[in-house]
Every structure is written in structure tokens, then in C-alpha cells.
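Dear colleague,

Please find the structure below, together with its sequence.

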Amino acid sequence: MKKLRGTYTHFADGYQLHFDYTYLWDEGDYFTPPTEEHEITQVYIDDKTITDFLFDFIGESTTIHEAIFEHANDLKSQAI
């Protein structure tokens, strides 16, 4: 598997959320389909960490995870 680390930033009225993540992917081959996954490692609002809050109260927000996958894929395509 290949690994990429990145930071996705979400801008909103009056604050910024920063998501540090690790993105793993395998291009696959004839016998194995491609796979991808990511793990959020740290979350900050402005400069304060809210990682525990995110995992405890927000959980698996589809919108955030989709945005992180899109950001990671953009970085991956720039690195190739």
C-alpha cells in the first residue's frame, strides 16, 4: 500500500477546521481490486485541538470524510 499524509482545511464563517489525516491506497491488479482508506489523526479548530471531541460527539460525518477523500485524491494525482 502507498501512504500519503495531508491536511484538509474547512473554512466556515468565523473559524477554520483543520483535519490531519493519513491516506492509504493500493492501485490493485488483475486479481485484486483497488482499495483506499483514510484515518483522521488530529483535528483543530483555529489552533486548538478538538480531536477527542470529533471522535466522541461527531463521529463518522459523511460530508467530512468525502471531502477528505477528495482532498487526498487531489494530492495523490499531483504526486504522480
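Tyr23, Trp25 and Phe69 are linked into a cluster by ring pairs; rings of Phe, Tyr and Trp (its six-membered ring) pair if their centres lie within 6.5 Å, and planes under 30 degrees apart count as stacked, over 60 as edge-to-face and the rest as tilted. The model is predicted: local features need pLDDT of at least 70 and side-chain atom pairs pLDDT 80 or more, whereas totals for chains, interfaces and linings use all residues. Residues are numbered from 1 along each chain as its sequence is written, and side-chain values use heavy atoms, leaving out hydrogens and water.

The count comes to 4 aromatic pairs. Tyr23 and Phe69 have ring centres 6.0 Å apart and planes at 80°, so this pair is edge-to-face. Because Tyr23 lies in strand 2 and Phe69 in helix 2, the pair ties together parts 46 residues apart in sequence (helices, H or I of at least four residues, and strands, E of at least two, are DSSP runs numbered from the N terminus). Tyr23 is buried, at a relative accessible area of 0%, while Phe69 is partly exposed at 23% (buried is under 20%, exposed over 50%, partly exposed in between, with a 1.4 Å probe and protein chains only).

Tyr30 and Phe31 also form an edge-to-face pair, at 5.1 Å centre to centre and 90° between the planes. Tyr30 is exposed at 76%, as is Phe31 at 73%.

With kind regards
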